[in-house]
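Biologist: I would like to learn how to read a model of this kind, one feature after another. Could you take me through it, giving the general idea before the particular case?

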Amino acid sequence: MPNNSGKVYGLTILSPILNDDEASPSHDLQIRSYLAGLSTGRESPFAQAPGTHLARLVVMDDVIFVGAPAVEEHLNSKYLIFESNCDPGPDGTIDSYLQGLAEYAGAHLDAIWSHCVGYPGASDRAAFVRYMKACQLETTFFFAAVNDKSVPETLRALQTQKAVADFVETHQGMQPGQLRAEFLQLVATLDAAPMPAVASATVSREMKIGGRNE
Amino acid sequence: MSKLNETDIQGFVLRGYNLPYGRYILLRFENPDRARALVSKLLPIITTGQRWDNGKPQSTVNIGFTHRGLAALALPDATLLSFPVEFQQGMKKRADILGDTGLNAPARWDDVWHGNDVHAWLGINGLTATALDDCCSQLRSLFAETRGAVELAAQDAVSNMVDGQQTGKEHFGYTDGFGNPDYLGIERNSQPGHGKQLPDGSWAPLATGELLLGYADEAGELPAAPIPHILASNGTFMVYRKLHQNLATFRSFLDEQSAVYGGGREKLAAKLIGRWRDGTPLELAPDAPDPSIVKDPQRSTNFTYGADGAGTRCPIGAHMRRAHPRDAFGFNGKLIDRRRITRRGQTYGRFVPEGELASDAEERGVVFMVLNANISRQFEFVQQQWIEYGNDAKQGNDKDPLMGNHGGHGKFVVQGDRSATNPPLVCAHLPSFVELRGGDYFFIPSMTALGMIAMKLVDPR
């Protein structure tokens with residue numbers, strides 16, 4: 001199925017934004033304003049909801065006319081685009097992910113999507129899931145740089161990688177008996193360790209990235 | 001494509017002169033008319049790419065301008081604004097993008113870079129110290145005669161000598177200067193491994209537009225260039241970086257780590273860069289240096305990493321494998337063909353052979369110069385993604401072990417196998433072996449463009 005790439009689901013949702021001449025500022029500007037204040041770090045509501053690898057929200061005004069020989073065309077509506085690389089449920093569908101979003105980020109979703117046509121609110125879970133799926137487009141092709149692992153698997157793997165790397169660094173040249181004992185201790189510690197917090201494995205880089213360089 | 005006009009291209013762009021003595025003079029222009037008069041006087045002495053049928057000249061002269069320098073020459077605003085953003089900004093403003101922070105931050109650079117005064121770079125090379133001095137005297141009399149420029153600083157460089165012989169060795173003892181790319185239309189003693197790899201495994205020159213403005217690049221596009229076209233064509237951009245080398249730190253690192261590394265000191269030195277110190281590629285000779293390979297142009301750069309995915313021969317994070325990954329990222333190397341750079345470099349400071357006392361404080365390093373058509377896509381990408389980051393090489397946040405801006409926090413993994421002489425090793429808390437002491441981005445115009453600048457004929461309309 002084109003929405004799935006291995007274990008990862010590529011969710012694309014296009015919700016038409018309310019077109020109300022009386023609204024001031026207009027509904028699309030109200031969405032932009034709310035999104036501008038939303039955290040993009042580990043406090044992001046989409047990070048708090050389970051199963052999100054990456055989420056992106058875009059307000060699409062219109063198609064851009066690039067000049068002749070292109071034909072000038074316009075959309076019938078402005079749209080809110082929501083894209084997410086996420087973990088689907090065991091049945092391969094997106095329902096459980098959407099329910100999790102409603103549960104953990106309902107207030108934010110309502111603040112954003114209340115400017116969209118026909119949005120029922122997050123509190124009615126069944127209606128919310130029906131609405132989101134009605135707005136869903138087939139993703140058809142996407143790339144998720146997550147090594148085909150779920151979010152919990154990725155968090156665990158990063159935790160293990162860091163612990164093992166640190167272990168190697170500090171235990172090189174140790175006598176085999178002691179090394180074995182300490183390694184078994186490391187494994188036990190890791191087994192008992194709680195699931196790392198979302199985005200906790202992020203290493204901050206001093207370098208300015210983005211733009212044309214990346 | 002037809003043969004390039006070598007008489008229109010500055011010689012420094014087309015070939016490394018391999019002359020033992022160098023001096024890099026940094027100039028400030030004070031008055032556009034007088035500066036143009038100086039450029040006029042310099043024109044007949046600039047060394048072009050014309051071949052040397054009668055042997056090497058006594059000395060060579062080449063010239064480049066910063067964006068501020070071109071403004072000081074009063075080029076039209078419409079031309080000045082048409083240069084790529086990174087060149088307009090200059091290297092100091094790109095520090096955050098390049099990772100030139102901490103020990104490499106502009107505040108720690110040599111005094112000459114602290115203001116925004118550097119307008120031009122003159123690169124002079126000589127066959128002998130006397131020839132170099134004679135040439136510089138001639139240039140300095142032109143500065144005085146035209147009152148066209150003030151000399152801000154002069155950086156001397158000299159190839160390291162071993163037993164009285166000029167060598168290609170830099171201060172850490174590595175033989176340098178193997179892998180510059182070939183470009184279509186540029187006559188050069190080509191050898192396998194210098195260009196790009198084709199699907200059948202053979203090597204071909206890169207598109208001319210990866211080095212020179214005005215020609216198609218590897219994407220079939222013309223590189224972003226200033227207007228008018230004739231100002232840009234046959235020109236290129238140069239990145240100038242003065243790289244200080246902490247020789248004492250490097251040697252004590254080798255001593256400490258080789259005490260716990262079964263491969264020994266020389267192999268560890270080789271693992272950092274990907275070649276034994278004599279230049280033998282680890283991929284071709286993982287166990288010991290082999291001088292016959294170094295001497296053989298059919299072999300010295302003729303290798304790939306595809307059969308060494310685990311990095312047990314050449315570590316995945318080794319300097320050479322990062323800076324020129326060849327086929328290491330798959331797709332027959334296609335991912336790297338637009339990230340190649342031509343390097344010119346010369347050592348400065350006293351060469352201290354192994355076994356003699358060395359200090360970090362002494363002035364010593366490499367004047368590292370990069371030539372590329374697109375600074376952002378080529379040099380800056382390599383610096384940001386492959387030198388100061390490790391993700392493309394699947395080395396996480398690890399930086400280039402030798403060149404990285406570590407500041408005591410670096411890590412380098414030497415992949416190994418079960419043999420006693422090639423064990424794995426994790427080097428942690430790496431110090432900075434190399435520190436940046438300054439530099440900038442320069443436009444290296446063609447001879448035609450230099451003439452236009454000198455005669456005030458640059459017209460963007």
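Modeller: Let us begin with the order of elements: read along the sequence, chain A follows the pattern β-β-α-α-β-β-α-α-β-α-α, and its secondary structure comes to six helices and five strands. Please keep in mind throughout that this is a predicted model.

Biologist: How does the radius of gyration of chain A stand beside that of a compact globule of 214 residues?

Modeller: The general idea is to set the value against a rule based on the number of residues. A compact globule of 214 residues would have a radius of gyration near 17 Å, whereas chain A has 22 Å.

Biologist: Which residues have the most contacts inside the largest nonpolar core?

Modeller: In soluble globular proteins, nonpolar side chains tend to be buried together. Here the largest nonpolar core has 111 residues, and those with the most contacts inside it are A120(B), W121(B), L122(B), F237(B), M238(B), V239(B) and F442(B). This core draws at least three residues from each of domain 1 (11-242 + 439-454) and domain 2 (246-337 + 376-435) of chain B. Apart from it lies another core, of 31 residues, among them I13(A), A49(A), C116(A) and F128(A).

Biologist: With which residues is M238(B) in contact, leaving aside its neighbours within four places in sequence?

Modeller: Once those neighbours are left aside, M238(B) is in contact with G64(B), M369(B), V370(B), L371(B), F442(B) and I444(B).

Biologist: How many residues of domain 1 of chain B are in contact with domain 2 of chain B?

Modeller: The count is taken on each side: 27 residues of domain 1 of chain B are in contact with 29 residues of domain 2 of chain B. On the domain 1 side, α6 (95-98) and β7 (196-197) of chain B each supply at least two residues, and the residues of that side divide into eleven nonpolar, twelve polar and four charged.

Biologist: And how many residues of chain A are in contact with chain B?

Modeller: Eleven residues of chain A are in contact with 14 residues of chain B, and those on the chain A side divide into three nonpolar, three polar and five charged.

Methods: Residues are numbered from 1 along each chain as its sequence is written. Chains are lettered from A and ligands numbered from 1 in the order in which they are written. This is a predicted model: local features need pLDDT of at least 70, side-chain atom pairs count only at pLDDT 80 or more; totals for chains, interfaces and linings use all residues. Two residues are in contact if their C-beta atoms, placed from the backbone, lie within 7 Å. Ala, Val, Leu, Ile, Met, Phe, Trp, Tyr, Cys and Pro count as nonpolar, Asp, Glu, Lys and Arg as charged, and the others, Gly among them, as polar. A nonpolar core is a set of buried Ala, Val, Leu, Ile, Met, Phe, Trp, Tyr and Cys residues joined through C-beta atoms within 7 Å. A residue is buried if 20 or more other C-beta atoms lie within 10 Å of its own, exposed if 12 or fewer, and partly exposed in between; C-beta atoms are placed from the backbone. Domain bounds come from an automatic or database domain assignment. Helices (H or I, at least four residues) and strands (E, at least two) are DSSP runs, numbered from the N terminus. The radius of gyration is taken over C-alpha atoms; the globule rule is 2.2 Å times the number of residues to the power 0.38.
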